[in-house]
Amino acid sequence: MSAIAITTTHPLKASVHLSPYQTSKLFLIDTPPSSHATSPSSDSYPTLKGQPATLLSEATTETTFTTTTATTATLKKKIVTTRAPYHCTSKSVGQIIREISDVVDGRDKTIKVIQYFAKVFLWLFLSNPKQYAVLTARLKALAKQFSTTRKVLRLGHFIDPMASVLTLAVALRSNLRKQGLRGTLDKAPSQKWGNTVRGRLGYLNTVLGFVQDISDDIYCLGVIGVLDRSFSDKAEPWSNRLWMVGVTVDLHENLQTIRDVRKQIKALEAQMVAEGGQDAEQDISRQAQLVKLTTKLHWLKVTTVKLGGDFLFCGYDNLHCSFSDGFQAVTGFISGLAGAYKYVGKVME
């Protein structure tokens, strides 16, 4: 009898103990679903799995447990449906800042935002240099030095695309030997001309990016005094032209990819409506695929904003425009914000 009494009361104690645990999860509203602990009401929870129904004999305890579990389930459902996957993270703010500052690309994007914010501030609020002489001088110095710092941080960046250029060169040489020039330039029988053009533009952009990085390095070395200033004066316009061509190709590819992803989302949603409810496992898989495509579409839109800002910025220089002192400050700031937001989103994921 004593053994039976111990077995009977043990689940009740577990139930009473777990109820406050469940209630405490109400304070985890800002925590993403991935960091949630397993719910005690689930089949995988070891304490309650396989327990007979007769052991939970007290109606008050059972009602409290069920109510709390329902509340937690509702809360979890709300979290999943109201927060985008790219806004969920289990990392602290300090950890995110450390990961950004530890990478050159992260520091570059951070400095870019500060640099162009200073330029926008100068354009909007410090139009009278005599009244704000000291602040104007300091902000101009900050913007100038941060511009130089970003160039130094990117110094030697041509090594990154150089591997891709060498791979393309080896592949091109092999294809020329096997198929000749006409066979190399011709498209595959199963491939559309649109995809072929996109692929060739991608190859061209890789080569142009490599040449632009070399031009940027020459310009940077001229600015900091390692090379003669005449080298930087000659390299700067070519660097801007190559940058504009590269941004144009990237913008075209990005818009085409957005179109493709939207088609995939529409097709998947139509399939979910037509075949939803027939197979639970298939429904879960399709829902996960929809979240993945929606997330990809979000970042493609952010990239479009960044590339649009870059295109307007470099177009202002290449077309020799002079209609506004703040045009490049605003477009550079928009591009910097979009790039920083995208980078922080990747760190959070």
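Trainee: In this predicted model, is Glu99 buried, partly exposed or exposed?
Mentor: The side chain of Glu99 meets that of Lys91 in a salt bridge, at 3.1 Å from N to O, and Lys91 has a relative accessibility of 25%. For Glu99 the relative accessible area is 28%. Because buried means under 20% and exposed over 50%, Glu99 counts as partly exposed.

Trainee: Which parts does the salt bridge between Asp108 and Arg150 tie together, and how many residues apart in sequence are they?
Mentor: The two side chains meet at 2.9 Å, N to O, and both residues are buried. Asp108 lies in helix 4 (residues 104-125) and Arg150 in helix 5, so the pair ties together parts whose separation in sequence is 42 residues.

Trainee: Which residue is linked with Asp108 and Arg150 in a network of salt bridges?
Mentor: Side chains of opposite charge can pair when their charged atoms come close. Here Asp108 and Arg150 are linked in a network of salt bridges with Arg154.

Trainee: What arc do the buried residues of helix 5 cover around its axis?
Mentor: The buried residues of helix 5 are Thr136, Leu139, Ala143, Ser147, Arg150 and Lys151. They lie on the same side of helix 5, because the arc they cover around the axis is only 110°.

Trainee: Where is Ile224, one of the residues of the nonpolar surface patch, found?
Mentor: Ile224 is partly exposed, with a relative accessible area of 40%, and it forms the patch together with residues including Val152 and Phe231. Ile224 is found in the loop between helix 7 (193-223) and helix 8 (229-275).

Conventions: Residues numbered from 1 in each chain as written. Predicted model: local features only at pLDDT ≥ 70, side-chain atom pairs only at ≥ 80, totals over all residues. Heavy atoms only, no water. Patch = residues over 30% accessible without salt bridge, like charges linked within 9 Å, V, L, I, M, F, W, Y side chains within 5 Å. Areas by Shrake-Rupley, 256 points an atom, 1.4 Å probe, with all protein chains shown as cover. Salt bridge = Lys/Arg side-chain N within 4 Å of Asp/Glu carboxyl O. Helix = DSSP H or I, 4+ residues; strand = E, 2+ residues; numbered from the N terminus. Buried < 20%, exposed > 50% of the residue type's maximum accessible area, 1.4 Å probe, protein only. Arc of directions from axis to C-beta.
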